Amino acid sequence: MSCGSMCSKVSQSTLRIKALLGTETLSSAQPAAVANISCAVGSTAGEGMAKICTEQSYSTCRSAFTPELDPQWVDREDRISFVHRHGGWVSQRKKTAKSSSITEGSEDVLQQGGESWDNREGQDQLQKRNHNRNSGHWPLATLNMNNCNNTDDKKDNKEIKKDDKKEDGKKDEKKDEKKDEKKDDKDNKKDDKKKEDPPKEYWIMDPATDMYYHWLTIVAVPTFYNLMMLITRACFNELQDNYTMLWVTLDYTSDVIYYIDTFVRSRTGFLEQGLLVKDLKKLMEYYKKTPQFRYDLIAMVPTDVFMFYVGINNPELRFNRLFKLSRLFEFFDRTETRTNFPNIFRIGNLVLYILIIIHWNACIFFAISKTLGFGTDTWVYPNISDPEYGRLARKYIYSLYWSTLTLTTIGETPPPVRDIEYLFVVTDFLIGVLIFATIVGNVGAMISNMNASRAEFQAKIDSIKQYMQFRKVTKDLEARVVKWFDYLWTEEKTCDEKEVLKYLPDKLKAEIAINVHLETLRKVRIFQDCEAGLLIELVLKLEPQVFSPGDYICKKGDIGREMYIIKEGKLAVVADDGVTQFVVLSDGAYFGEISILGIKGSKAGNRRTANIRSVGYSDLFALSKDDLMEALTEYPDAKQALEEKGRAILMKDGLIDETAAKAADAKDLEDKVTMLETNLEVMQAKLKRITGDWAASQGRIKQRISNMEARVKTLREDDLSEVAVDKKD
């Protein structure tokens, strides 16, 4: 390639630079430098021409013919920035006072671009890296726009961009990791707070507590007030007009209680799988499913707003408050289960229902009379213009009297005159018959239930009297029996504990028995250190017994089958004559515990050693020997301990014979040996029988085998071949 062609190309490049820089002419120093560059380039080979201006091969391909760099191109600051404008890139270099006119022109271009170009200088990392790579090379290499000379730069730029993207991606990943770490830290902190902070506890009403019953009592008051007074105020206008402020106060007080009760209902727990539900959402859903929820909503509708249009003295607008009556009935039911006199409460409750029905019927009668006109006929209420019938008290009492006679059908009332009066009286008669038949039947049933225990007890006395008369028992003994029954009835001791407690589960039955009898049983010396389980078993087996004055609990020489614990009364240890008293036993004393243990070597054996007689009426607990031994079968250690305690008591009192005890032990040992010998003989006999059976079975088997061998020997070859053919077929 000739030097002229190279110069022409250089000139073309110069024109391109001018176009990019936006200047019309270059300085005088710039063409000379370009010419020198072109001459240097021309002196090299054609293949090396493309590598002269590249940043990678310039330092290695520089020869002795390459001219020295112009100082005005070398002496400058190492700072390059690329600015994108008009679809191309412009290389800008900021110089010192000795910089060339090319850089001055580029600075003019940057100044014309505004501050936005300067802001981009510090943001573009690619431009800085290109500057670092090009700072030690020919400056025109960055200005040359020929494709043949800038391919390596483009590759490098692409690689740098990729590196930048990777670095940006890494930075983004680090940022994301930091964000994730912060989120995790926040979540961990929240979890720690949740763990540290206990769950919020909301107020829940337990329907099994006294607080719920007390709240029912409060709600029942306004409910009963609305039930009785709304109809009265609606029918007797004089009552409403004279006490308006009182009714307004009571009405809105009852409304407040109604609203609070609705909230309490939404927080009232219920049992699910035997546990009280305390979840607010479940409680609300359960409350919404109940029919009472709709009734409560109806009862809370503020119908009083219509009073602004029709007047305040119209209490019939508040009849929707009667939908709360279920709370009144619930209060009655819970009171019946809580009271100690349920029969009396039932009777009082029925009487109250009768009075409410009569009251409502009386108010309706007065309202019909007011509608038809007072005194217009003989059936309606008399004319109120008469002072005697104009008083409020007379109006209500007259109506109540008429309602009572009509519903009970026990008196005569003025006959109806008009059709509507006939219909009302007929309806009253039907309601009276149905309601009062039910009420009277319930009252009769309750009265009979109240006397059921007395009737049952009297039936027992009558049957025993008939038996004694049939067997011709002496009058003295018959009188003692009747007195004993009278004592049971007057002292309310006719109740059979086992019969009453048989419907309870064993655990509750045991708890009741422990609560009643355990302290009494602990007073017995031999039971003081026993296991709790054994005491519970024994408590359930205690049987109450009542003795009349003069009755013998036990006599000397009797076989001891029970031990006794005195609950109430006095017992005397008497001589054989029955008069002389040695000692008197009172509440908490016990006797007969040694005889039921059957201790070996006891001088008395299992016989009673004294006469014990009841001074007056005495209540005792009896524990039988069979029940004790049945309980001790499950507690062998306790049985041994009881026997040792009983033996120690007898030794202390000198009532045990050691020789007899040892003899009894030797006899017991001999009996055990005899029993073992007998059992051994029985086992030997069984073994001989089994051996004989086995030998006989062996003989039978041998005989069968020999018979089979004989039959096989008699078979011929032809028979065997036929058998083989049959098998093949």
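**Ground rules**

Residues are numbered from 1 along each chain as its sequence is written, and side-chain values use heavy atoms, with hydrogens and water left out. In this predicted model, local features need pLDDT of at least 70 and side-chain atom pairs count only at pLDDT 80 or more, while totals for chains, interfaces and linings use all residues.

**The whole chain**

The protein chain has 30 helices and twelve strands. Both are DSSP runs, numbered from the N terminus: helices are H or I with at least four residues, strands are E with at least two. Of the 729 residues, 33% count as buried. Buried means under 20% relative accessible area, exposed means over 50%, and partly exposed lies in between (1.4 Å probe, protein chains only). The chain exposes about 46,700 Å², and carbon and sulfur atoms supply 57% of that area. Accessible areas come from the Shrake-Rupley method with a 1.4 Å probe; for residues, only the protein chains shown count as cover. Among contacts between residues at least 6 apart in sequence, 69% join residues at least 24 apart. Contact means heavy atoms within 4.5 Å.

Four strands form an open sheet in the order 6-11-8-9, with antiparallel pairing. Two strands pair if DSSP finds at least two bridges between them. Strand 6 (552–554) and strand 9 (581–585) are the edges, each pairing on one side only. Neighbouring strands are turned by 30° against each other on average, direction ignored. For such angles, axes are lines fitted to C-alpha atoms, for helices over the stretch in contact, and values run from 0 to 180 degrees between N-to-C directions.

Strand 8 (residues 571–574) pairs with strand 11 (residues 611–614) over four antiparallel bridges. Strand 8 also pairs with strand 9 in the antiparallel sense, over four bridges. Ala-572 has a bridge partner in each: Val-584 in strand 9 and Arg-613 in strand 11. In a regular strand the side chains alternate between the two faces of the sheet. In strand 8, Leu-571 and Val-573 point one way, Ala-572 and Val-574 point the other way, and all are buried. Six residues lie between the strands in the hairpin of strand 8 and strand 9, where Gly-578 takes a positive phi near 80°.

Ser-614 belongs to strand 11 and is the bridge partner of Leu-571. Ser-614 and Pro-549 are 65 residues apart in sequence, yet 5.5 Å apart in space, C-alpha to C-alpha. Leaving aside neighbours within four places in sequence, Ser-614 contacts Phe-547, Ser-548, Pro-549, Gly-550, Asp-551, Ile-553, Lys-570 and Leu-571.

Lys-395 is in helix 20 (residues 392–408). Beyond neighbours within four places in sequence, its contacts include Phe-236, Glu-238 and Tyr-381. His-359 sits in helix 18 (residues 342–372). Not counting residues up to four places away in sequence, His-359 touches Met-228, Ile-231, Thr-232, Tyr-396 and Leu-400.

**A residue in a loop**

Phe-306 is found in the loop between helix 15 (291–299) and helix 16 (307–310).

| Residue | Relative accessibility | Class |
|---|---|---|
| Ser-614 | 3% | buried |
| His-359 | 4% | buried |
| Lys-395 | 10% | buried |
| Phe-306 | 47% | partly exposed |
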